[in-house]
Amino acid sequence: MGAASQIGNSSITAFRDVLVIQTMLEDLQRSIRILDCDIATEEAAGGVGDAADPRYPLLARTLSRRRDNLKSTVRALKERLGQLTSMA
């Protein structure tokens, strides 16, 4: 395979990766919105909205950690997406 063919394959792979990452980002952001609603529901049901309060609902605390982890993943994917688009 020649150099031109390898460049073409590389571009196709990068394009595919961009599409996959964009889809993942959409799914993760939807999950974050759902978690935000679930957290708000738990806080309302428990009557405590301050995570520092010892009475803060355990489920809300767990969901908050999950949401924060997803946000971290979103940041990393956006960074990778930026790298891929700058290569194009």
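Which side chain meets that of Asp27 in a salt bridge? In this predicted model, the partner of Asp27 is Arg30, with an N to O distance of 2.5 Å. A salt bridge is defined as a side-chain nitrogen of Lys or Arg within 4 Å of a carboxyl oxygen of Asp or Glu.

The model is predicted, and local features need pLDDT of at least 70, side-chain atom pairs count only at pLDDT 80 or more, and totals for chains, interfaces and linings use all residues. Residues are numbered from 1 along each chain as its sequence is written, and side-chain values use heavy atoms, with hydrogens and water left out.

The largest nonpolar core has 17 residues. Such a core is a set of buried Ala, Val, Leu, Ile, Met, Phe, Trp, Tyr and Cys residues joined through side-chain atoms within 4.5 Å. Two elements give two or more residues to this core, helix H1 (3-46) and helix H2 (58-87). Helix H1 supplies eight residues, the largest share. Helices (H or I, at least four residues) and strands (E, at least two) are DSSP runs, numbered from the N terminus. Ile21 and Leu25 have the most contacts inside the core. When neighbours within four places in sequence are left aside, Leu25 is in contact with Val74, Leu77, Lys78 and Leu81. Contact here means heavy atoms within 4.5 Å.

The salt-bridge rule gives a count of five. Side chains of opposite charge can pair when their charged atoms come close. Asp27 and Arg30 lie three residues apart in helix H1, so about one helical turn separates them. Asp27 is partly exposed, with a relative accessible area of 37%, and Arg30 is likewise classed as partly exposed, at 41%. These classes follow relative accessible area: buried is under 20%, exposed is over 50%, and partly exposed is in between (1.4 Å probe, protein chains only).

A second salt bridge joins the side chains of Asp36 and Arg67, at 3.1 Å from N to O. This pair links distant parts of the chain, with Asp36 in helix H1 and Arg67 in helix H2, 31 residues apart. Asp36 is partly exposed at 33% relative accessibility, whereas Arg67 counts as buried at 16%.

Arg55 and Asp53 also form a salt bridge, their closest N and O atoms being 2.9 Å apart.
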